Amino acid sequence: MRQKTSERLAAAARPVSNLASGWYVALPSAELRGRPRKATLFGRGHVVWRGADGRAHVQGAACPHAGAALYGGKVVDGTLECPFHRWRFDGSGTCVSVPGRVPPRRAAVATLPTRESSGFVWVWYGKGAPRYEPPDLPGLRARRLPSTRNFRLADPTRATTRRILENTYDPDHLVALHGLTVTGDARITFPPADGLPEERCDATLTWPSYRGPLGAVSNVFGLNADEFTLRLRGWASCQEIEYYADGRRLYRMVLAVTPIGEHHSVQHISAAVDADGAGVMGRLRSLVHRAEVQVAARQDLPVFDTLLPGDRHGIYVPGDEAVRRFRRFYQQWVELAQRG
Ligand code: FES
Ligand SMILES: [Fe+2]
């Protein structure tokens, strides 16, 4: 059902107009095995495939010969073979073989900088070389830590990347929309700008008196606390988020986006519950946190889908301080996408 919705969104995708330079999710790593995969990214068709060395590649879908879709082809001897006349392309996009002929010198497919970490295949959007590396949480790598429990979510939405990401900087909606059981307003703090890399917009949100995701039930799991903290390491295209109760980390996650096209995105969450993750209690806590994140996504997405187009925002109040900060940061990286 979810897959069908993404496909519908992909079919209607238009090129993105206000996207920040940065790392975006082409596919979850687990979905890329032997066959090349189609991915609509930034409003255009792409092919994602794995070479003989296991490395992932993301390239424009159109074959430079006669325009056949390369995702209809197959991987042969570590190259991507077009289904139409069997021209083959390597991971750098160069045409390395044409049946019975010498490959034309200028035959190549557009190739995007690609990485694989935290369980995702990432592609770099924007002019020029990548300016930093995508997030790489140890608990989310292919070889998971034995003490962690992991879960993943992927939800299609009409929201733009900026809307999806700024949601984490918005403490008031956590209480108003998600019913976060805290008392009082969040304290929002930002790290000193001189200690932070230029590609990051970090924030910490702290609330007094947290009663866990499920109130009384949370008490049984030891999730209630005098202080609840959300620590956010934010880039313009993705985030690492850690949740703490009384200084004890509950779980951490990567929030990332596939921008299929203008107002067509997939919100990806990859999470690791790392406190007491090995035992039965760890399993139960993982289920509680998964339910918590799933319910939050169910609450966010219907609202996201109704937001006015154009990333508009009306009246700002003090609780929007971090959202405003992120918006300014994000727009700098939108400019970088065009300038490189
Ligand atoms: S269209 Fe791809 S090889 Fe001819
Ligand atoms: Fe939310």
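Reader: Which residue in E7 is the bridge partner of Leu 80?
Author: In this predicted model, Leu 80 has Phe 89 as its bridge partner in E7. The two strands involved are E6, residues 79-81, and E7, residues 88-89, which pair in the antiparallel sense over two bridges.

Reader: What sheet do E6 and E7 belong to?
Author: An open sheet of four strands, in the order E5-E6-E7-E8, with antiparallel pairing.

Reader: Which strands stand at the edges?
Author: Strand E5 (74-76) and strand E8 (95-97) do. Each has a single partner strand, so one side of each is left without a neighbour in the sheet.

Reader: What is in the loop between E5 and E6?
Author: Asp 77 is located there. Its phi is positive, about 50 degrees, although Asp 77 is not a glycine. Most residues other than glycine have a negative phi.

Reader: Is Asp 77 buried or exposed?
Author: Exposed, because Asp 77 has 11 C-beta neighbours inside 10 Å, and the cut-off for exposed is 12 or fewer.

Reader: Where is Ser 118?
Author: In the loop between strand E10 (114-117) and strand E11 (120-125). Ser 118 also has a positive phi, near 50 degrees.

Reader: And is Ser 118 buried or exposed?
Author: Buried. Ser 118 has 26 C-beta neighbours inside 10 Å, and 20 or more counts as buried.

Reader: Changing topic. Which strand does E2 pair with?
Author: E2, residues 37-41, pairs with E3, residues 44-50, in the antiparallel sense over five bridges. Thr 40 stands opposite Gly 45 in E3. The two strands form a hairpin with two residues between them. Phe 42 is in that turn and has a positive phi of about 60 degrees.

Reader: How many residues are in the largest nonpolar core?
Author: It has 71 residues. Among those with the most contacts inside it are Tyr 24, Val 48 and Trp 122. Strand E17, residues 248-261, gives the most to this core, with eight residues.

Reader: What does Val 25 touch?
Author: Leaving out residues up to four places away in sequence, Val 25 touches Phe 120, Trp 122, Ala 256, Val 257, Thr 258 and His 268. Val 25 is also one of the core residues with the most contacts inside the core.

Reader: How far apart in space are Ser 17 and His 263?
Author: They are 9.8 Å apart, C-alpha to C-alpha, and 246 residues apart in sequence. Ser 17 is in the loop between helix H1 (2-11) and strand E1 (22-28). With 13 C-beta neighbours inside 10 Å, Ser 17 counts as partly exposed.

Reader: On to H6. What should helix H6 span, and how far apart are its end C-alpha atoms?
Author: H6 covers residues 321-339, and at 1.5 Å a residue its 19 residues should span 27 Å. The end C-alpha atoms are 28 Å apart, which agrees.

Reader: Which residues of H6 are buried?
Author: Ala 322, Val 323, Phe 326, Tyr 330, Trp 333 and Ala 337. Seen down the axis of H6, they fall within an arc of 85 degrees, so they line one face of the helix.

Reader: Which residues are exposed on the other side of H6?
Author: Arg 328, Glu 335, Gln 338 and Arg 339. Just after H6, Gly 340 has a positive phi of about 80 degrees.

Note on methods. Residues numbered from 1 in each chain as written. Chains lettered and ligands numbered in written order. Predicted model: local features only at pLDDT ≥ 70, side-chain atom pairs only at ≥ 80, totals over all residues. Pairing = 2+ DSSP bridges. Core = buried A, V, L, I, M, F, W, Y, C linked by C-beta atoms within 7 Å. Contact = placed C-beta atoms within 7 Å. Expected span 1.5 Å × (residues − 1). Arc of directions from axis to C-beta.
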